[in-house]
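Q: Can you take me through a few residues in this one? I'll jump between topics.

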Amino acid sequence: MTYLLIKSLHLLFVIAWMATVFYLPRILVNLAETADEPAVQARLRLMGRRLYKFGHNMFGIAFLFGLALWQGWRVWPQTLPNVASGSHWIDAKLTLVAVLLVYFTWAGRVLKRSEKGMALPSSRTLRWLNELPVLLLLGVIWLVLAKPF
């Protein structure tokens with residue numbers, strides 16, 4: 001039962017973090033498309049800053065629950081199973097999660113640069129980059145469900 005509770009909480013916070021990973025680039029697209037509207041830009045930057053902070057908090061909590069799932073068997077061997085014993089799917093999954101974190105951090109830095117008056121990438125470029133986390137998340141989900149290696 002403890003394992004299922006930790007897994008459920010991990011999924012909850014991963015979903016919350018992924019919502020920020022998906023939405024922050026959309027804010028950047030809107031910023032790029034409203035360059036001549038200072039009031040709209042100010043509101044979007046405020047939303048982006050708040051969302052970025054929220055995303056960091058959600059990632060941190062998801063990370064802690066994920067760490068408990070992955071290595072918790074060392075601390076509580078009677079309560080938590082060793083879910084990745086001898087498997088390498090977890091390595092691939094963690095690599096994709098690291099790439100998602102780099103992407104999220106990049107989006108936050110682009111937002112911070114725009115607050116300093118620096119130019120954003122074009123809205124078309126940002127729209128294309130907005131699709132990347134969907135593909136990465138698909139890879140994570142497939143690895144967790146299929147455990148192919």
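Q: Val110 first: buried or exposed?
A: This is a predicted model. In it, Val110 counts as buried because its relative accessibility is 2%, under the 20% cut-off.

Q: Which helix is Val110 in?
A: Val110 belongs to helix 3, which covers residues 89–115.

Q: And what does Val110 contact, leaving aside neighbours within four places in sequence?
A: Leu28, Leu120 and Pro121.

Q: Switching to the largest nonpolar core: how many residues, and which have the most contacts inside it?
A: The core has 26 residues. Trp17, Val21, Leu24, Leu28 and Leu100 have the most contacts inside it.

Q: Which helices each supply at least two residues of this core?
A: Helix 1 (2–33), helix 2 (38–75), helix 3 and helix 5 (132–146). The largest share is from helix 1, with 10 residues.

Q: What does Val21 touch, not counting residues up to four places away in sequence?
A: Val21 touches Leu100, Tyr103, Phe104 and Pro133.

Q: Now the surface. Which residues make the nonpolar patch?
A: Phe63, Leu64 and Leu67 make a nonpolar surface patch of about 290 Å².

Q: Where does Leu67 lie, and how does its accessibility class come out?
A: Leu67 lies in helix 2. Leu67 counts as partly exposed because its relative accessibility is 34%, which falls between the 20% and 50% cut-offs.

Methods. Residues are numbered from 1 along each chain as its sequence is written. This is a predicted model: local features need pLDDT of at least 70, side-chain atom pairs count only at pLDDT 80 or more; totals for chains, interfaces and linings use all residues. Side-chain values use heavy atoms; hydrogens and water are left out. Helices (H or I, at least four residues) and strands (E, at least two) are DSSP runs, numbered from the N terminus. Buried means under 20% relative accessible area, exposed over 50%, partly exposed in between (1.4 Å probe, protein chains only). Contact means heavy atoms within 4.5 Å. A nonpolar core is a set of buried Ala, Val, Leu, Ile, Met, Phe, Trp, Tyr and Cys residues joined through side-chain atoms within 4.5 Å. Patches are made of residues with over 30% relative accessible area and no salt bridge: like charges are joined within 9 Å, nonpolar side chains (Val, Leu, Ile, Met, Phe, Trp, Tyr) within 5 Å. Accessible areas come from the Shrake-Rupley method with a 1.4 Å probe; for residues, only the protein chains shown count as cover. A salt bridge is a side-chain nitrogen of Lys or Arg within 4 Å of a carboxyl oxygen of Asp or Glu.
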